Amino acid sequence: LTGRYLDRDAIASLKSYFDSGSDRIKVAALINASSPEIVKEAGLQLFEEVPELIRPGGNAYTTRRYSACLRDMDYYLRYASYALVAGDPTVLDERVLQGLRETYNSLGVPIAPTVRGIQIMKDKVKAMAVESGVQNTSFVDQPFDHMSREFSEISI
């Protein structure tokens, strides 16, 4: 972006990215193959942890709102897989976070459960990655933590 020669840090970053390339693709393929299961399980865990969401008056009360919540979780998961492959969570800024900030602010959607749902999906993806033989899953944290951090900074 700056048009300079690569310094030591940039080269180390590139090396790390290429060293984890096959694992990134493997995890993205796992997400692609298992996204309905990941979202369903994460939703069930979220609603077990925060049951007021599905009670009358809660943001996931009624079938329509419940479905919208799961749809949004699927949306975050899909874009997290793009960021995993790219090795760059900033792809989430324009495609996910900017538009949702306005939407969530206008609808009064609570941020804490959204962040918790994203973290639950991260944990599930990491567990699946370990089960499939990926030894170092630290790169999985990056897009999920980026979304969580950016959502957490939103003031409603």
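This report describes the helices of a predicted model, the contacts between them and a set of annotated residues.

The model is predicted: local features need pLDDT of at least 70, side-chain atom pairs count only at pLDDT 80 or more, and totals for chains, interfaces and linings use all residues. Residues are numbered from 1 along each chain as its sequence is written, and side-chain values use heavy atoms, with hydrogens and water left out.

**Overall architecture**

The chain contains 6 helices and 0 strands; helices (H or I, at least four residues) and strands (E, at least two) are DSSP runs numbered from the N terminus. Read from the N terminus, the order of elements is α-α-α-α-α-α. The C-alpha trace spans about 55 × 35 × 20 Å along its principal axes.

**Helix packing**

Axes are lines fitted to C-alpha atoms, for helices over the stretch in contact, and angles run from 0 to 180 degrees between N-to-C directions.

| Pair | Angle | Axis separation |
|---|---|---|
| H2 (residues 21-49) and H3 | about 155° | 9 Å |
| H3 (residues 63-86) and H6 (residues 138-152) | about 130° | 9 Å |
| H5 (residues 111-131) and H6 | about 175° | 9 Å |

Angles under 35 degrees count as roughly parallel, over 145 as roughly antiparallel, 65 to 115 as roughly perpendicular and the rest as oblique. H2 is therefore roughly antiparallel to H3, H3 is oblique to H6, and H5 is roughly antiparallel to H6.

A crossing is left-handed if the near helix is turned anticlockwise from the far one by less than a right angle, and right-handed if clockwise. H2 passes H3 in a right-handed crossing, and H3 passes H6 in a right-handed crossing.

**Residues in contact**

Contact means heavy atoms within 4.5 Å. For the classes, Ala, Val, Leu, Ile, Met, Phe, Trp, Tyr, Cys and Pro count as nonpolar, Asp, Glu, Lys and Arg as charged, and the others, Gly among them, as polar.

H3 meets H6 through Tyr 76, Leu 77, Ala 80, Ala 83 and Leu 84, which face Phe 139, Val 140, Pro 143, Phe 144, Met 147 and Phe 151 of H6. This contact comprises 11 nonpolar, no polar and no charged residues.

Where H5 meets H6, the residues include Lys 122 and Lys 126 of H5 and Asp 141 and Asp 145 of H6. That contact has 9 nonpolar, 4 polar and 4 charged residues.

**Annotated residues**

An unreviewed UniProt entry lists Asn 59, Arg 64 and Cys 69 under "binding site"; such annotations may be inferred rather than shown by experiment. Asn 59 lies in the loop between H2 and H3.
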